Amino acid sequence: MVALCLAVTIVPPFLDRIYYEGPVSRHYDGAHFFNPDGVIDVPAPPGTSRRGFIANWLLGHDDRPQWPDAIVVKPARPAPFAAPRGMVATWVGHATVLVQAAGINILTDPIWSDHASPLPPFGPKRIAPPGVRFDDLPRIDLIVLSHNHYDHMDLPTLKRLWERDRPRIVTSLGNDTILKAHGIPSTALDWGQSVSGVALNGLAPQAVIQCGNYEHCPDYRVHVTRNHHWGSRWGTDRNRALWSSFLIETRAGNIFFAGDTGAGDMGWPYEAARFGPIRLALIPIGAFRFWKGQMASDAHIGPQQAVEVFKRLGASTAIPIHWGTFHLSYEQWNTPPRMLDLFLACEGIERQRFAPLRIGQSLLVPPYAAVAQDKGSKRKRQCDWRAIRALE
């Protein structure tokens, strides 16, 4: 009893960390970051308590729909580079995408580990192997890291990538402290800040870049942009580090990575769109349901909101991510892509604009072309709410 009482008193403060110290801002109170458009709420399902819900979720004693034990994946073997004006995206799984654009190789929230957990083998287990074997990855030039949850900040993977390729890593405030403690250097920025590839590679701003065929060319810029989420590694260090989305400018076109996000005020897609036309957007569609019939949670958008994000970004092509890899929530394994198809039909948007990929599948991203959604569109809007509600 004494040991238990001491543990309850000592452990939570011990697990707290200070990852960032800086001036107060519209999303930082001097100790913790917050969403200026409203707090993240995690309500319990109707008829249950929040504490009981969390305990059952952690222990697996809940009524989540069953997922397959494993998914067969045919891994891709990407080329070393895309063409100077080309863009190729390969879905590795979850929020990890390899984007090859204008001769640079970019990874988003890379995770090759089998478990998204601080204490593997406990915690969410990967049901689909990575869509690219680690040894088949081309040399990585840039990694964008959205926040510090274990399914997005996978330190073993980041350590391997750093030791192999020395990529430039861009993240948001506070996350660099976690990486540095594991020998991984990074650049941490606030919402609204940006950094050029020239600066990341230690070149003077006025340096003349001779890129030849653009292989590994640092001629890009990374903008850290707002989204709506939260961060924690141990529970008690909640919101000590910032979360973000990213807009990456390349010679082949702009790339938007939403990270992990809820809807919030839905103003953040407009903010990213101000940087110019988006050729490719990576938008989450999964882990949105924590009880039957829920269409979104505060922390995660579902397919309906993902379509709205796609529209507000004005993106030409999008890839749905954050589904089908780790069993994190209550929807069926293939509910997110099936529901996405239905909501695209509701808006009269061509499926190929925002079509799901198989893990390991590559997409040759077409050049930017505006999406017609107005009254002049020839496509009819057909919304099958019965089919939508039938999806678990």
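Predicted model: local features only at pLDDT ≥ 70, side-chain atom pairs only at ≥ 80, totals over all residues.
Local features need pLDDT of at least 70 and side-chain atom pairs count only at pLDDT 80 or more, while totals for chains, interfaces and linings use all residues. Residues are numbered from 1 along each chain as its sequence is written, and side-chain values use heavy atoms, with hydrogens and water left out.

Buried here means under 20% relative accessible area, exposed means over 50%, and partly exposed is in between, with a 1.4 Å probe and protein chains only. As for Val170, its contacts (heavy atoms within 4.5 Å), not counting residues up to four places away in sequence, include Leu142, Val144, Leu189, Val222 and Phe246.

On to the rings. Phe, Tyr and Trp rings (the six-membered one for Trp) pair if their centres lie within 6.5 Å, and planes under 30 degrees apart are stacked, over 60 edge-to-face and the rest tilted. That rule gives eleven aromatic pairs. Phe246 and Phe257 are stacked, at 6.4 Å centre to centre with 5° between the planes. Phe246 belongs to strand 9 (residues 245-250) and Phe257 to strand 10 (residues 253-257), so their pairing ties together parts eleven residues apart in sequence; strands are DSSP runs of E, at least two residues, and helices are runs of H or I, at least four, numbered from the N terminus. Phe246 is buried at 0% relative accessibility, and Phe257 is buried at 1%. Phe343 and Trp385 form an edge-to-face pair, because their ring centres are 5.6 Å apart and their planes at 75°. This pair links helix 8 (residues 335-347) with helix 9 (residues 385-390), 42 residues apart. Phe343 is buried at 3%, whereas Trp385 is partly exposed at 33%.

Charges sit over rings too (NZ of Lys or CZ of Arg within 6 Å of the ring centre and within 35 degrees of the ring normal). Arg160 lies over Phe134 and Arg233 over Tyr150, 3.8 Å from the ring centre.

Finally, Ser329 is in the loop between strand 12 (317-321) and helix 8, and is buried at 1% relative accessibility. Its side chain makes a polar contact with that of Glu331 at 2.8 Å, where such a contact is a pair of N or O atoms within 3.5 Å, one able to donate a hydrogen and the other to accept it within protein, and sequence-adjacent residues count only if both atoms are side-chain atoms.
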